[in-house]
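Visitor: I would like to learn how to read charged side chains in a model. Please take me through it.

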Amino acid sequence: MAIAHFPDLEGKVVAVTGGGRGIGLATVRRFVAEGAHVVVMDLGMTVGDIGEADSDGWQRVSGELHADFADVDVTDEDAVASFATALERRLGPPDVVVNAAGIVRSASAEDMRLKDWRQVVEIDLTGTFIVCQALGSLMLRAGRGSIVNIASMSGSISNYPQKQSAYNAAKAGVAHLSRTLAGEWADRGVRVNAVSPGYIATELTAGVMAADPDMGAQWVARTPIGRVGTPEEVAEVILFLASDASSFMVGSDVTVDGGYTVW
Ligand code: NDP
């Protein structure tokens, strides 16, 4: 895969929710490669050695990845607010925020447990709002910044055989929330955009495939490019939206799906 270079991201302060693995982690790696100072907000970190937590609860990741890690549940508004305070004090207002934390639960609509529905909506949609509000406020005060929210192609097509009503509704919400925030904040220097991936090889999709082993073959068969995507292919688009290279993009929802939704 050809890699673009975004020199304006060097030295930028970047917060990535869900950056401990999958698409979020690939995104963290790319920002670090551009020389950005990245802080991961996640429940855990799957790479590197994590040092002792300091007084803000931050841990330095060493080894293959030089970034900070903060154990922050995006649904916990107090934890996110404390994180925002610490971030501003330590590094200043963020230049970039990427919301990649997300979960999926699969069950037919009639069998979907309300507990699962609520958890998906709480993490995928409300968590995205909580982080946008807390960190976006710092950006608004600074008069600059770029937010990239990960929605999904499932927010615009029902993909009904997957039986993911909560996920689909939450992801449609993320895309439309992004448009709404984009409209409210653009004239104050903060751009908000979304990325909508198709099937990407991560633990999230591995979990769905484990429950239905034929599913992966069906995904590939329906994807015009003939394969699932990689986290790196999504990260590349996220970096573009984060950087000044996309300076006139406001409220866009960029599909990265190998053609799945052209059907
Ligand atoms: P992964 O499951 O690999 O990674 C998601 C990360 O989010 C995990 O590290 C997880 O932590 C973290 N997380 C979950 N809940 C919370 C929380 N409450 N607070 C903080 N962090 C949390 O998923 P992907 O990388 O595949 O997905 C990333 C995003 O992309 C998600 O929003 C997903 O919906 C979206 N997406 C993914 C697609 C795909 O095909 N993979 C397709 C379309 C969209 P932990 O490890 O502790 O669970």
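**Charged side chains**

Guide: Glu233 is partly exposed at 22% relative accessibility, where buried means under 20%, exposed over 50% and partly exposed in between (1.4 Å probe, protein chains only). This is a predicted model in which local features need pLDDT of at least 70, side-chain atom pairs count only at pLDDT 80 or more, and totals for chains, interfaces and linings use all residues. Residues are numbered from 1 along each chain as its sequence is written, and side-chain values use heavy atoms, leaving out hydrogens and water.

Visitor: Which side chain meets Glu233 in a salt bridge?

Guide: Side chains of opposite charge can pair when their charged atoms come close. The cut-off is a side-chain nitrogen of Lys or Arg within 4 Å of a carboxyl oxygen of Asp or Glu. Here Arg227 pairs with Glu233 at 2.7 Å, N to O; Arg227 is partly exposed, at 36%. Elsewhere, shared partners join Asp54, Asp56, Arg89 and Arg90 into one network of salt bridges.

Visitor: How many salt bridges does the rule give?

Guide: The count is 12. One of them joins Glu203 and Arg21, with the closest N and O atoms 3.4 Å apart. That pair links distant parts of the chain, 182 residues apart: Glu203 lies in helix α5 (residues 203-211) and Arg21 in the loop between β1 (13-17) and α1 (22-33). Helices (H or I, at least four residues) and strands (E, at least two) are DSSP runs, numbered from the N terminus.

Visitor: Is Glu203 buried or exposed?

Guide: Glu203 counts as exposed because its relative accessibility is 52%, whereas Arg21, at 43%, is partly exposed.
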